[in-house]
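Please read the notes below with the model open beside them. Each point takes up one topic.

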Amino acid sequence: MAVIFVDNVEIDAEEGRTLLEVCLEKGIAIPNLCFIKHNDSPSASCRLCFVEIEGIEEPVTSCTVKVKDGMVVTTDSAEVRELQKTAFRLILSTHRIDCGNCPSRKRCELIKISRILKVKLSPEIYDPIERKVKAEEHPHLIYDISKCINCGKCVYICKKLHGRSYITFARRGIETGISFFGEKDAESIPCGKCRACADICPVSALLFYEHYSDLLKKQ
Amino acid sequence: MSGNNEDIKNAFSEIKKNAEKNFNESRNSDIPAIYIGMATCGRAAGAEEAERAILETLDERNVKADVIHVGCIGHCYAEPVVIVDNPGFPPIFYYNVTAGKSKLIVKAFLERGDPLYEHLLGAMEENELIPSVMGFPRFGMEKRIVMEKCGHIDPEDINEYIKKGGYASLAFALSKTQADIIDEIRISGLRGRGGAGFPAWKKMEAVYGSDSKEKYIICNADEGDPGAYMDRTIIESNPHQLLEGMMVAAFAAGASKGIIYVRHEYPLAVKIIKKAIDDSNRMKLLGENILNSGFSFHIDIFEGSGAFVCGEETALIESVEGKRGMPRTRPPYPVERGLKNKPTVINNVKTLSTIPAIVNKGGKWFSGIGTKSSPGTAIFSIVGNVVHAGLVEIPMGVTIRTLIYDICGGIPGGKAFKALQIGGPSGGCLPESALDTPIDFDSLTEAGAMMGSGGMVVMDEDSCMVDVAKYFLEFTKNESCGKCTFCRIGTGHLLTILERITNGEGREGDVELLERLAGDIKRGSLCGLGKTAPNPVLTTIRYFRHEYEAHIHSKRCPSLKCRPLTAFYIDLGKCARGCDACVGSCPVDCIFTTKGRKKGIDQEVCVKCGECVTACPEEYNAVIKVSPPHLVPHIEKLEESK
């Protein structure tokens, strides 16, 4: 057992566990979008879970740090908040904000993060960027890149459940999004019986056709 | 691991004896030898045409000579390069050898013994007859360790490499212990030439010290910086030196498998390195039980598909594993968990190619070259507004001023120096005040740039620094792998802001916004690409803030470069009555006749191509470019001129 101090509160934790995971279990609010529990190699791509650790000069992502006895952690220093706010605004500048029609609005991670950071749900100083990418067709899924925040959870979960991934990242730079390898045959893929990717998507960028038609009916 | 030292020595001297014999049989020292630089750069400059002309003329005139392909000697301004070794003369360096010059060399020099003084650059060795190239600073002030043999040997002939001392360091290393070799490299102080300058011995030691049975060594030849071509040239000109360095490093680290990650866009380099590997395998310098030492090592080629980010070591490993080239978080570093999660040494082409010299001459010798914290030499591809562009190898610690003005001949056209871009898209722009900065890892980092892999672009007074920053950001924005937020979206926003500034739509506070966002991207990004991508923006703001402010506040481009902020007009005081030179040059017919049969430009139609500036005869020079555009005087369009 290790003892660590997070924002001046003493916490008992198992040595070697991920700092972010431990903090979240103890109810300490650290913004995150790409973190998945029990994943040994975190993607660390959303760049939101920064914390400061005594002895380390720059803020570090808490999903890539293992708990060590005596660790002193600050989760809300000015430095940390600056990076988190910028990362959050950058993500929002490519995310179409349309909460009224969004199935995720009740469990939306972005709304939760805006509360933690005490900022508006808006990119503010950054002009919104529209990602111009042609939608790829899929027998079961609809992918909306204007909502996607590139967290990679769908790619991870698909690979974990099926041994190989039927979803992958594609393209480069700001146009990076997910792709389905051009799959057209509904029978050769397990998606008909599996809902994992749409369930894990924090922003409803991936929807199954039946969800989508429900959504249209409501509108 | 080391076997019987006598065995190793005997095995190597046997190979060397055969190589010398085969080489001597393949060359005839009684007839002239013509060496043509046939690396990618030479071919692009017309070396193939020169070769064809030489062969045809030799045949036509019935002159006997050996025509030998060599790699690149690094003097791009002189390409195509031909060195002629005519018995009775010292070897002579001819520059810009066109097909016509090739014929002349055969007819005048080989047939009549006239060395054509007007076409030669100098002799390759000291002699009484012809001044040596070493008197020319571009040769004399360089210090060649890695590139010593580049352009002098046939890269596809393993026998020549061995005859000229090749693979001796491998034989020597195999007779020592692994710890001895690592220690020698530690003493040399060799730092990684890929950009960050991490001590080379530390990686080897970490992998050597690991318990894992499987260990790897990877050569990173995924050179992608715009304007950088050092790695390509080294592979195309002396591939065996790289293989030798890699074998020594593999032996020291205990790796039994090596991978050379080279760009698919370098077809000639791929072909040459493949042949070199085959030849080494055939000579039993690679493979099982090398030189009876008990050490076995195999090398494979992996061709990268052109993603810039795969030059980042963890993305490179992902790519070799067959995944999308996206960086992993470090730690764990590749020396702990690299390829297939096994300990892996990753080094750049230049780092590995330096190792044979260190092993041959000793770490102490190497540490005496260059500066204390950055020993050895630096290789740069120096391009842009500079007279003698090309590859240079200089001792570390030489100042930027010496490099540009003394070694490379300064700025062409009598123009003023403005900035030096070092380190590609990850590096920065240094101004005139930084000209006396010594070139070494730490001084450059302190000045805000970085050594990088060795790309250098010299810019003269006509370059707009906001435009330069925009160019590099466009590159990184497109090459970002899209994994982490800061790099994927942040670079896009940096570019958007730079674009609006160069379009004359810059807003108050944009410079501060750039600084803030760039700082956050630098601290917040996942990998080296993102962490360094804002450097071009940050350094140009640091040294050329006034240019940003001129663009934003007075909508003026001080270098007259940004098209939306400039305009052309014709100075009626200079314009010649009745001269129509500019009229025909205009692609959009926007030049009209005004009073006194002089000319004017219709600003509404003008596309600012600048053709009229070129067309206007020099004695008038009447077309003037201004910024901001509203400085253009109103010139009346006459009705009857239509």
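1. Which domains does the domain assignment of chain B give? It lists domain 1 (31-135), domain 2 (158-367), domain 3 (377-460), domain 4 (465-553) and domain 5 (566-641); such bounds come from an automatic or database domain assignment. Between the C-alpha centres of domain 3 of chain B and domain 5 of chain B the distance is 39 Å.

2. On how to read the values: this is a predicted model, in which local features need pLDDT of at least 70 and side-chain atom pairs count only at pLDDT 80 or more, while totals for chains, interfaces and linings use all residues. Residues are numbered from 1 along each chain as its sequence is written, chains are lettered from A and ligands numbered from 1 in the order in which they are written, and side-chain values use heavy atoms, with hydrogens and water left out.

3. B:Gly113 sits in the loop between helix 4 (99-112) and strand 5 (120-123) of chain B. Helices (H or I, at least four residues) and strands (E, at least two) are DSSP runs, numbered from the N terminus. Beyond its neighbours within four places in sequence, B:Gly113 is in contact (heavy atoms within 4.5 Å) with B:Phe89 and B:Ala108.

4. How many aromatic pairs are found over all chains? A search of the whole structure gives eleven. Rings of Phe, Tyr and Trp (its six-membered ring) pair if their centres lie within 6.5 Å; planes under 30 degrees apart count as stacked, over 60 as edge-to-face and the rest as tilted.

5. One of these pairs, B:Phe251 with B:Phe295, is edge-to-face, at 5.5 Å centre to centre and 75° between the planes. B:Phe251 belongs to helix 11 (residues 239-253) of chain B, and B:Phe295 to the loop between helix 12 (267-282) and strand 8 (298-304) of chain B, so the pair links distant parts of the chain, 44 residues apart. B:Phe251 is buried, at a relative accessible area of 2%, and B:Phe295 is buried, at 2%.

6. B:Trp365 and B:Phe366 make a tilted pair, with 6.3 Å centre to centre and 55° between the planes. B:Trp365 is partly exposed at 26% relative accessibility, whereas B:Phe366 is buried at 0%.

7. Ring pairs also join B:Phe89, B:Tyr94 and B:Phe109 into a cluster.

Key: Buried < 20%, exposed > 50% of the residue type's maximum accessible area, 1.4 Å probe, protein only.
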